[in-house]
Structure formats: C-alpha cells, structure tokens
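I opened my notebook for a first look at this fold. Here is what I looked up, entry by entry.

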Amino acid sequence: MKRRDILKSIGLLPFGGVFFTGVIGPKLSVAAPIKTLQKKNLVEELGLRVFINAAGTYTDMTASLMTDETLEAIKATSRVFVMYGDVQDKVGERIAKICHSEGAMVTAGCWSALVLGTAAVLTGTNKKKIAALPNVDNFEKNELVLQESHSHGYTHALMTTGIKPVTVKTREELDSAINKKTALMFFLNATALEGNIKHEEWLSVAKEHGIPTIIDIAADIPPVENLWKFTDMGFDLVCISGGKGLRGPQSAGLLLGKRDLIDGARLNAPPYGGNIGRGMKVNKEEIIGMYAALDRYVSIDHNAEWRDWEKRREVIFDAISNIDGVNVEKFVPPIANHTPTLSVTWDKDKIPISVVDFRQRLRKRSPSIEVIGNNQGGFNVTVFMLQPGEDRFVARGLREEFLTVKNA
Ligand SMILES: *Cc1c(COP(=O)(O)O)cnc(C)c1O
C-alpha cells in the first residue's frame with residue numbers, strides 16, 4: 001500500500017480540504033479549494049512519523065484506523081445541524097438493538113463510559129445528586145466493590161465520581177465487604193482469569209443483594225459476540241472502547257445498559273452542564289461515526305477476516321522462524337487483542353541486542369514499524385491493524401534487522 005493510501009485511510013486526504021472552506025470563505029467555489037487542498041498533507045508537513053502498526057490497538061499509537069464507512073458518516077454528519085439529544089436517542093436505540101441491551105449511548109471512549117455508568121448508579125436521574133458529584137459523602141450508597149486483580153489504571157475512571165473503592169480477594173472477603181452502602185460491583189474482563197471470582201459468581205452475588213454491576217471490556221472485541229455476551233449474562237452496564245477493535249473514532253466508546261441507568265448516564269453528560277461528564281463531549285460526527293463503525297463491524301465476515309489475519313501472520317512467521325537464534329511462537333491472547341499473534345524472542349548470545357534497541361531499529365526503518373514488548377523479554381507482533389500488503393514490510397523488516405545484528 002502506498003504512503004498516500006495509508007494517509008487516505010487515516011482520513012487526512014479524502015476530506016479534501018472540506019474543513020478549510022470556512023476559512024477560505026463562501027465566495028470561492030467549493031471545487032477550487034478542494035482541488036488545491038487535497039495536495040496538502042498535514043501529517044507530512046508537521047513532520048509526523050507514520051508507521052506500520054504491528055503492535056495492536058494501543059492508545060499511544062492512536063489505536064486503530066477508521067474505515068471508509070465511518071469516515072463517510074462523519075463527513076455527511078458534519079454538514080448539518082441536528083439536536084444533540086436526538087442524535088444520542090436515535091443512535092442509542094440502534095446500538096442497543098445490536099448489542100441486546102435495553103439502552104445505549106456513545107461516550108468519549110471506554111473511560112468515559114466507566115465514569116458515566118458509575119455516575120448513573122450513584123445519581124439515577126436525581127438532579128441534586130448529579131450536581132453533587134464527586135461529593136458523595138452523604139449518599140446512602142457510595143461504595144464500589146472490586147477484586148484486587150481487577151484494580152488497574154483504568155479503575156481510576158470510576159473513582160472520579162467520588163465512589164469509594166473496597167477491594168477484595170476472595171469470596172469470603174466479598175461477602176463481608178458488601179453492606180448497605182454498596183452502590184456498585186465492578187468487573188474487569190481483561191483480568192477475569194486472574195481473579196478468584198469469575199463472571200457468573202460475581203453476578204450471582206450482586207443479584208442476591210440487588211447491587212448493580214458494571215464491566216469493562218474495552219479492548220475485548222473481537223470476538224464480535226462480546227458485544228452482547230455480557231449483557232446477556234446479566235451485567236447492568238457494559239463499557240467498550242470505540243476506537244480499538246471496532247475501528248470507530250478513537251475518542252468514542254459505548255455504554256450499554258439498563259434503560260434507567262442510561263437515562264441517568266445521559267443526564268451526567270453533555271449537552272447538560274453542571275455535571276461531572278460535561279467535559280466528556282462526543283460530537284455528533286463521532287456519535288454517528290461510532291454507530292457506522294459498529295454497524296459495519298457486525299456485518300463483516302469475521303471468519304474470512306480471521307483467515308486473512310492468519311495468512312498475514314504466516315508471511316511474517318516464515319520470514320524469521322528459520323533464523324538461527326530466533327524463537328517465534330504463534331498464539332492468540334485469550335482476552336484483549338484476541339487475534340492471531342506472534343511472540344518473538346531470541347538468544348541474546350547469538351543476536352546481541354536488547355528488545356528496546358531492536359524496537360528502535362524497527363522504528364528507524366522506512367517504512368517505520370511498531371511492535372509491542374512482551375513479558376518474555378521479546379516482543380509480540382499482531383496483524384489485525386495492518387493495512388493490506390503491510391505484512392510483507394513487517395516480514396522483511398524483522399528479517400533484515402535480525403540478520404544485520406547477527407552478522408555485525
Ligand atoms: C483502553 C482501555 C480503557 C480506556 O478506553 P478508552 O476508549 O481509551 O477510553 C479502559 N479499560 C481498558 C481495560 C482498556 O484497555
């Protein structure tokens with residue numbers, strides 16, 4: 001794929017200067033500036049490093065590339081005025097239907113879904129309570145229960161509402177942690193295998209006490225079934241990143257949930273002010289772009305996509321597996337970035353380079369390549385964020401760099 005096409009798919013070229021027409025002024029014909037500005041490449045002009053993403057959907061690598069369906073939806077939406085609430089209503093209805101939930105809204109990423117979902121549980125639709133956040137000291141229920149292995153950087157999102165965390169490790173500790181102040185029980189799907197208490201048990205305890213539940217499945221799509229699996233299982237609120245596997249706008253996400261909780265979450269967010277979520281605005285373009293991304297995602301052939309990913313992985317595997325000293329293994333992470341992946345490690349005596357330095361070499365290539373460090377002292381290669389044909393660049397890049405270091 002040509003560099004220009006890569007940029008096109010990032011969305012900088014096809015807009016063709018549409019967002020500049022206001023600056024140029026209404027007197028110029030639309031056709032003229034579009035033509036000239038189409039040549040303007042801000043990514044290049046700004047001197048940004050463009051790279052092949054063989055790492056995965058990582059926030060600092062800008063996560064994913066939007067598809068044409070999303071970009072077209074964004075472009076069309078950007079040309080009209082509509083009422084903000086109407087967009088959330090209509091899009092929410094469609095998303096809820098796709099995801100088997102009663103209600104849904106587009107949020108500013110999974111983080112924002114976690115904040116707004118928690119806020120909804122604390123405040124319901126009570127305006128006084130909404131205005132009080134994050135001061136929940138006088139709330140009847142203001143405690144959050146979670147497992148220690150489910151406590152990570154992102155749980156900070158829930159705590160911004162003022163809710164007070166109570167961490168447990170075992171079922172016994174869970175039973176004694178629950179009390180009349182318990183407002184919400186949180187589950188992190190990514191570390192489900194590490195916690196003592198699994199989904200079903202967590203839910204059954206919550207149901208027994210009538211406590212709402214929220215689950216973070218941010219990066220856990222694919223598989224596509226995860227879009228409805230956790231609502232079907234009984235979670236009251238489900239939070240998903242829009243810009244990871246779904247390839248929607250990076251700053252969008254989904255909050256799925258019970259109708260009354262979505263109503264509460266909506267009141268804690270724009271267009272309303274005087275609430276905790278006012279700064280988590282998603283514009284109409286992204287709300288509709290998010291829906292377009294989801295709609296596309298549920299209609300593609302996931303088996304064909306998976307086979308394509310396996311083929312790409314094979315190309316890279318074949319290029320490096322026969323290098324003496326390099327150890328390559330095929331695997332699929334069980335949860336999050338759940339796609340055909342390679343784990344690459346090497347004998348540092350035969351190929352004397354650290355993973356940090358090796359990744360730096362990959363970055364300095366043209367085209368530049370990003371992979372992601374793993375826990376085995378090497379790195380992982382994923383292929384689901386590659387554009388067609390980029391697997392060959394990754395294969396050649398890894399092979400050449402390993403051989404160069406080995407033969408130095
Ligand atoms: C990425 C991620 C988030 C945050 O999602 P955004 O869409 O970037 O807001 C939350 N939780 C987990 C587990 C994540 O991987």
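Predicted model: local features only at pLDDT ≥ 70, side-chain atom pairs only at ≥ 80, totals over all residues.

**Notebook: sheet and helices**

Residues are numbered from 1 along each chain as its sequence is written, and side-chain values use heavy atoms, without hydrogens and water.

Next I looked up the strands around that bridge. Strand S3 (residues 143-147) and strand S5 (residues 182-188) run parallel, joined by three bridges. Strands (E, at least two residues) and helices (H or I, at least four) are DSSP runs numbered from the N terminus.

Then I traced the open sheet: its seven strands follow the order S2-S8-S7-S6-S5-S3-S4, with mixed pairing. Pairing takes at least two DSSP bridges between two strands. I found strand S2 (103-107) and strand S4 (164-168) at the edges, each pairing on one side only.

What packs on the sheet, touching S3, S4, S5 and strand S6 (213-216)? I noted helix H11 (residues 199-209), whose direction makes about 170 degrees with that of S5. Angles run from 0 to 180 degrees between N-to-C directions, with axes fitted to C-alpha atoms, for helices over the stretch in contact. Contact means heavy atoms within 4.5 Å.

My last entry is a helix pair. The axes of helix H6 (residues 84-98) and helix H14 (residues 284-299) come within 10 Å and cross at roughly 15 degrees. H6 and H14 are therefore roughly parallel (angles under 35 degrees count as such).

Note on methods:
Parallel < 35°, antiparallel > 145°, perpendicular 65-115°, else oblique.
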